[in-house]
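Take a walk through the packing of this protein.

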Amino acid sequence: MVNTSLALPQSLGLGGVSLSPLLDAVAAGAPPIAVLADFAAALPEPLRGPDDTPSVATGASDASRAEALSYTTLAAVPRLVDALGPQATGIVVGGEAFAVAETYEDAVTGFHAVQLRSLSDGRAVFALDDTNFESLADVVADLDLARPQASSPAFAAMVADAETAAIAEGNEVAFVGASLGGALAQVAGYETAEAVLAAATGHAERIEVFGVDPLGGRDAAESLNGGALDPAVLAWLDAVHVRTEGDIVSRVSSHLGDTITFQAVDAGGNPVVLTADEAHVNLESLFTNLSSDALFAAGERGDPGEIGGLALLANAVGPGLSDAFADAVRDGLIGPPPPVELRGSGAFNPTGRFFDLDADRDGDVDIRALLNGATPSADDLLIA
């Protein structure tokens with residue numbers, strides 16, 4: 001457990017709102033979203049609104065409905081690959097097949113990502129894992145606005161591979177992630193775009209970034225770049241995010257790129273009201289919105305509205321928690337997290353060629369993982 005009895009401030013100018021319930025929840029390993037929502041609701045009015053660091057525009061913020069659906073689905077890949085282990089050698093989403101080219105892991109910070117290569121055009125998609133609330137490392141990274149994982153050696157190795165794909169190979173590069181992974185995708189996209197700009201090799205494609213209910217990535221990106229972001233680098237990004245109304249994680253820190261907010265709906269497309277816990281990475285609502293032209297068109301573009309008090313909290317308390325956690329790991333006081341749990345339901349094919357995952361439990365296969373080097377055929381594609 002993280003020692004939250006460190007000399008951490010208990011008010012931070014938050015109108016007298018106590019940090020104790022939130023810190024106690026972190027120390028107990030409890031999922032903090034509901035506690036975070038209650039904490040935000042208790043903030044005085046000025047701190048419930050945005051501070052003076054809004055989301056920043058990128059060179060483009062475009063994604064078709066089909067692309068948004070594909071990227072939202074691909075954001076679930078790291079957890080699937082982690083669960084299946086080395087036997088997962090390929091991924092099929094919709095009508096596209098990918099090879100699992102590389103995985104990136106850092107045991108200290110909890111960073112986990114997967115590099116996918118399109119078997120049709122070599123496009124590199126880096127899928128970054130979302131928050132595993134059973135992992136204290138991930139929770140601490142969330143509370144420090146993704147900075148520990150963005151500073152990890154595994155993150156640096158992933159960005160180096162992305163730079164190679166974009167600059168040396170001339171391939172399209174995309175970063176996708178949900179929750180914590182969405183913030184890391186923003187940082188990785190910026191770092192890769194910075195290298196592309198510096199290389200001046202004539203690479204014509206913007207670096208794509210796609211977040212799903214993402215934690216804001218601006219603070220972490222600025223931390224790695226001397227506190228400021230270069231407009232010329234931002235112009236090399238095509239960053240867009242999707243979120244469900246009621247999600248609070250996407251209002252913690254601000255973003256690189258634009259955001260589309262969708263009304264929460266059930267599988268039939270009927271509006272529903274979700275709690276903060278239910279709204280975060282709600283695949284039933286997201287997949288329904290992204291599978292309908294009408295619902296997709298109804299999404300509202302714009303900054304989701306950072307909750308300034310939460311950013312203030314994270315910037316003040318996060319670094320101390322990160323340092324305490326790193327010390328505890330180094331001293332052997334914290335072991336590895338429990339095995340990751342898949343969202344949805346899945347089953348192995350009787351032949352052992354693939355594993356099918358129904359991420360939103362609607363009866364349809366969303367991701368097919370090809371196993372042990374199985375070569376994809378037309379029959380393996382989920383959309384012909």
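The largest cavity has a lining of 16 residues. Nearest its centre lie Leu 36, Asp 142, Leu 143, Leu 215 and Val 252. A cavity here is a set of points, on a 1 Å grid over the protein atoms alone, where a 1.4 Å probe fits but cannot get out; lining residues have an atom within 4 Å of a point. The model is predicted: local features need pLDDT of at least 70, side-chain atom pairs count only at pLDDT 80 or more, and totals for chains, interfaces and linings use all residues. Residues are numbered from 1 along each chain as its sequence is written, and side-chain values use heavy atoms, without hydrogens and water.

The space in this largest cavity is about 190 Å³. Its lining comprises 13 nonpolar, two polar and one charged residues. Helix H2 (33-42), helix H6 (136-143) and helix H15 (308-330) each supply at least two of the lining residues. The whole structure holds four cavities of 30 Å³ or more.

Now the cores. A nonpolar core is a set of buried Ala, Val, Leu, Ile, Met, Phe, Trp, Tyr and Cys residues joined through side-chain atoms within 4.5 Å. Buried means under 20% relative accessible area (1.4 Å probe, protein chains only). The largest core has 64 residues, and Met 158 and Phe 175 have the most contacts inside it. Helix H9 (residues 180-199) gives the most to this core, nine residues. Another core lies apart from it, with 39 residues, including Phe 98 and Val 212.

Phe 111 sits in the loop between strand S2 (96-105) and strand S3 (112-118). Is Phe 111 buried or exposed? Phe 111 is buried, because its relative accessible area is 2%. Beyond residues up to four places away in sequence, Phe 111 touches Leu 128, Met 158 and Leu 184, among others (contact: heavy atoms within 4.5 Å).

Thr 58 also belongs to a loop, between helix H3 (45-48) and helix H4 (65-74). Thr 58 is buried, at 13% relative accessible area.

Methods. Helices (H or I, at least four residues) and strands (E, at least two) are DSSP runs, numbered from the N terminus. Buried means under 20% relative accessible area, exposed over 50%, partly exposed in between (1.4 Å probe, protein chains only). On a 1 Å grid over the protein atoms alone, a cavity is a set of points where a 1.4 Å probe fits but cannot get out, and a pocket is an open set with protein on both sides within 12 Å along at least five of seven lines; lining residues have an atom within 4 Å of a point. Grid points are joined across faces, edges and corners, and a volume is the space filled by probe spheres set on the points. Ala, Val, Leu, Ile, Met, Phe, Trp, Tyr, Cys and Pro count as nonpolar, Asp, Glu, Lys and Arg as charged, and the others, Gly among them, as polar.
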